[in-house]
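Colleague: I should like to learn how to read a protein model feature by feature. Would you take me through one, giving the general idea before each case?

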Amino acid sequence: MVSAAAQAGVVAACVVLFVPMGLAGWHLSRNKVLFFSGALFISLAVGVHLSPYLPSLPHLASSFLLPHPGAASASASSGSSCVPFLHHVSWSDAAGARDDGSRGGKARAWSWPPSLASACGFARLSRDDASLLLNGSWVMVAGDSQARLLVLALLRLLLDPAAAAAAEPELFRRHSDFRAAVPARGISVDFVWAPFESNLTRLLRDDLRLAPRLPDVLVLGSGLWHMLHVTDAASYGDSLASFAGAAKSLRSQLPVPPPHMFWLGLPHIVNHMLNTDAKRAHMNGTMLHAYDREVDRRGVLRGDGGPFLLLDVGKLTQGCGQQCTADGMHYDGDVYDAVLHIMLNALVIESQQRI
């Protein structure tokens, strides 16, 4: 028979679980990423309350709620201190041939160092994990071909292989938008073709500002087209300043938690592998460095007072190496898979911080 103390512990745990969730229900319903992380955090708190009375219950809860290794330590650790280490991944040659439709050559594999993954709870999410994290969410990715490749990685994670393959022709229609859904989880994914910074500014200032709701996750990035067709870092920086102003204005008008916002950085450029004379003339390491410097100082990224967390594609593409690209600027699926999982782990951390 359960003792009076155990019964009191159960009652206290139920209060901890249901009262805050009921009071926060309206707000959480607007942000399902936040709901997932909030439920995870509160469930862990229940386990802590019950552990003195029913030692087996925390183990049961963790086995049910934490489907990937390290999630418990991620929720318990100081998430903000782990964010700077999200891009600290290692690359190695992988056994076997590529099976993702990417370019030839030996496959590459990425991973977080075991000590870092253990300390911060970083983990690759399975399809079920990612679907649960993004349950009911609207994910919008806007930009150029780099953004499109990130959407492809997301679809390959959320959908079964046949469905993901069937979506690719529509996703890669030249210079066009794309929309997909995961009906079983209520997840919507939008790709918006926006190769110039002015396109992104218009998206924020006109389209999203007037929309009845905002995306739960917003990933934006551009620069390659500007580098090729304008080739002026100062002009790029001025465009970024206007874009950053539009992003801050959008966030300031929101009565509910703003979208999780990410900036998709520029890839490492391998000049001699570029496939046109114009690209080889205008796109090189010196110009790339100048463009990256403008991103760092124009109020886009959080370190400079901006709202966006950087997804450092440049660092990841350098790590994967030249064998991961056939044209010097677009890389194999392994790179965008790493970008995606860094973003998803950042979402878990950010959502916990919003509770």
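Colleague: What is the mean pLDDT of the protein?

Modeller: pLDDT is the predictor's confidence in each residue, from 0 to 100. The mean for this protein is 83, and 75% of its residues reach 70 or more. Over residues 43-77, however, pLDDT stays under 50. For that stretch the model has 39 contacts beyond four places in sequence, a contact being heavy atoms within 4.5 Å. Where pLDDT is low, the predicted coordinates should not be read in detail.

Colleague: How many disulfides are there?

Modeller: A disulfide is a pair of cysteine sulfur atoms within 2.5 Å. By this rule there are two. One is formed by Cys 82 and Cys 120, with sulfur atoms 2.1 Å apart. This pair links distant parts of the chain, 38 residues apart: Cys 82 lies in helix α6 (residues 79-82) and Cys 120 in helix α7 (residues 114-120). Helices (H or I, at least four residues) and strands (E, at least two) are DSSP runs, numbered from the N terminus. The other disulfide joins Cys 320 to Cys 324, with an S to S distance of 1.9 Å. With the bonded cysteines numbered in sequence order, the pairing is 1-2, 3-4.

Colleague: Why is the disulfide of Cys 82 and Cys 120 called left-handed?

Modeller: The torsion about its S-S bond is about -85°, so the disulfide is left-handed. The link of Cys 320 and Cys 324 is left-handed too, with -70° about the S-S bond.

Colleague: Are Cys 82 and Cys 120 buried or exposed?

Modeller: Buried means under 20% relative accessible area, exposed over 50%, and partly exposed in between (1.4 Å probe, protein chains only). Cys 82 counts as buried because its relative accessibility is 4%, and Cys 120 does so at 7%. Cys 320 and Cys 324 are buried as well.

Colleague: How does one judge the span of a helix such as α13?

Modeller: The expected span of a helix is 1.5 Å times one less than its number of residues. Helix α13 (residues 233-252) has 20 residues and reaches 28 Å from its first C-alpha to its last, close to the expected 28 Å. The buried residues of α13 include Tyr 236, Leu 240, Phe 243 and Leu 250. Among the elements covering the buried residues of α13 are α11 (197-208), β6 (217-221) and β7 (260-264).

Colleague: Where do the side chains of a strand point, and what covers them?

Modeller: In a regular strand the side chains alternate between the two faces of the sheet. In β6, Val 217, Val 219 and Gly 221 on one side and Leu 218 and Leu 220 on the other are all buried. Five of the five residues of β6 are buried, so this strand is largely enclosed by the rest of the structure.

Colleague: Which strands pair with β6?

Modeller: Two strands pair if DSSP finds at least two bridges between them. Strand β3 (residues 138-143) pairs with β6 in the parallel sense over five bridges, and Ala 142 stands opposite Leu 220. The pairing of β6 with β7 is also parallel, over four bridges; there, Leu 218 has Met 261 as its bridge partner.

Colleague: What joins the side chain of His 260 to that of Glu 350?

Modeller: A polar contact is a pair of N or O atoms within 3.5 Å; within protein, one must be able to donate a hydrogen and the other to accept it, and residues adjacent in sequence count only if both atoms are side-chain atoms. Such a contact, of 2.7 Å, joins these two side chains. His 260 is in strand β7 and counts as buried, at 0% relative accessibility.

Colleague: Which residues does Thr 317 touch beyond four places in sequence?

Modeller: They are Pro 267, His 268, Tyr 331 and Val 335. Thr 317 is in helix α16 (residues 313-320) and is buried, with a relative accessible area of 1%. Its side chain reaches the backbone oxygen of Val 313 at 2.8 Å. His 268, by comparison, is partly exposed at 27%.

Terms used
Residues numbered from 1 in each chain as written. Predicted model: local features only at pLDDT ≥ 70, side-chain atom pairs only at ≥ 80, totals over all residues. Heavy atoms only, no water.
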